[in-house]
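Please look over the sequence and the model below, and then follow the sections in order.

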Amino acid sequence: MELDLKEILTVGMVLFAVIDIVGTIPIIVDLRSKVGHIQSEKASVVSGIIMITFLFVGEEILKFMGVDVKSFAVAGSFILFFLALEMILGITLYKDEEPSTASIVPLAFPLIAGAGTMTTLLSLRAQYQTINIVIAILINIIIVYTVLKSSSKIEKALGKNGLGVIRKVFGVVLLAIAVKLFAANVKGLFV
């Protein structure tokens, strides 16, 4: 295991795009208006714990179910592909129930550390060093915390159009990452 700044930046950007904390500011603002105070610290810490735990035990869970990491990575590339389409086209393919509180359940899971993030973590583990992924997770948790704390200021500064542009740009980046992840792992399924 060795630290690699390029890997940390790559994994960090992938997680930033998947978590899409900037793109979820409208959801966070809506949650705040419905339930009042958002517990930024608690949501950030719990989502970090979920991601790091899944990074280490997710592969064992897959082995227990008889699924290899390459297959999971290919499946993950499909999820990333659809998440990217949602971001680029402004559509919703996955619908969730309305949250009733802004505590761990709607924020930490599934908004921050949801199915897309979990899939991405295991997919990234097939290509990158674990220590670099953990550092990228921690950097993203700091970003998530900062955005949660200042979501109303960010929304005012960027406006709806600015948020839309950022969401679409990260959607295109995520689409390219999904294609790369698919290409890198699909060969391993037929060997």
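## A buried charge and its partner

Asp20 and Arg167 form a salt bridge in which the closest N and O atoms are 2.6 Å apart, a salt bridge being a side-chain nitrogen of Lys or Arg within 4 Å of a carboxyl oxygen of Asp or Glu. Asp20 lies in the loop between helix 1 and helix 2, whereas Arg167 lies in helix 8, so the pair ties together parts that are 147 residues apart in sequence. Asp20 is buried, with a relative accessible area of 7%, while Arg167, at 25%, is partly exposed; here buried means under 20% relative accessible area, exposed means over 50%, and partly exposed lies in between, with a 1.4 Å probe and protein chains only.

## How the model is to be read

This is a predicted model, in which local features need pLDDT of at least 70 and side-chain atom pairs count only at pLDDT 80 or more, although totals for chains, interfaces and linings use all residues. Residues are numbered from 1 along each chain as its sequence is written, and side-chain values use heavy atoms, with hydrogens and water left out.

## Overall form

The protein has 8 helices and 0 strands, where helices (H or I, at least four residues) and strands (E, at least two) are DSSP runs numbered from the N terminus. The radius of gyration is 16 Å, close to the 16 Å that the globule rule gives for 191 residues, so the protein is as compact as a globular protein of that length; the radius is taken over C-alpha atoms, and the rule is 2.2 Å times the number of residues to the power 0.38. Along its principal axes the C-alpha trace spans about 50 × 35 × 30 Å.

Of the 191 residues, 42% count as buried. Among contacts with a separation of 6 or more, 90% come from residues 24 or more positions apart, a contact meaning heavy atoms within 4.5 Å.

## The nonpolar cores

In soluble globular proteins, nonpolar side chains tend to be buried together. The largest nonpolar core here has 39 residues, and those with the most contacts inside it are Leu15, Ile21, Met51, Ile133, Ile137 and Leu148; such a core is a set of buried Ala, Val, Leu, Ile, Met, Phe, Trp, Tyr and Cys residues joined through side-chain atoms within 4.5 Å. Helix 7 gives the most to this core, with 8 residues.

Met51 touches Ile19, Ile112, Ala113, Thr117, Leu121, Ile137 and Ile141, when residues up to four places away in sequence are not counted. Helix 6 is mostly covered, with 9 of its 11 residues buried, including Thr117, Met118 and Leu121.

## The other salt bridges

Across the whole structure, a search finds 3 salt bridges. Lys149 and Glu41 meet through their side chains at 3.2 Å, N to O, and this pair links distant parts of the chain, with Lys149 in helix 7 and Glu41 in helix 3, 108 residues apart. Lys149 counts as partly exposed at 43% relative accessibility, and Glu41 is also partly exposed, with a relative accessible area of 38%.

A salt bridge also joins the side chains of Arg125 and Glu59, at 3.6 Å from N to O. Arg125 is in helix 6 and Glu59 in helix 3, 66 residues apart, and Arg125 counts as partly exposed at 23% relative accessibility.
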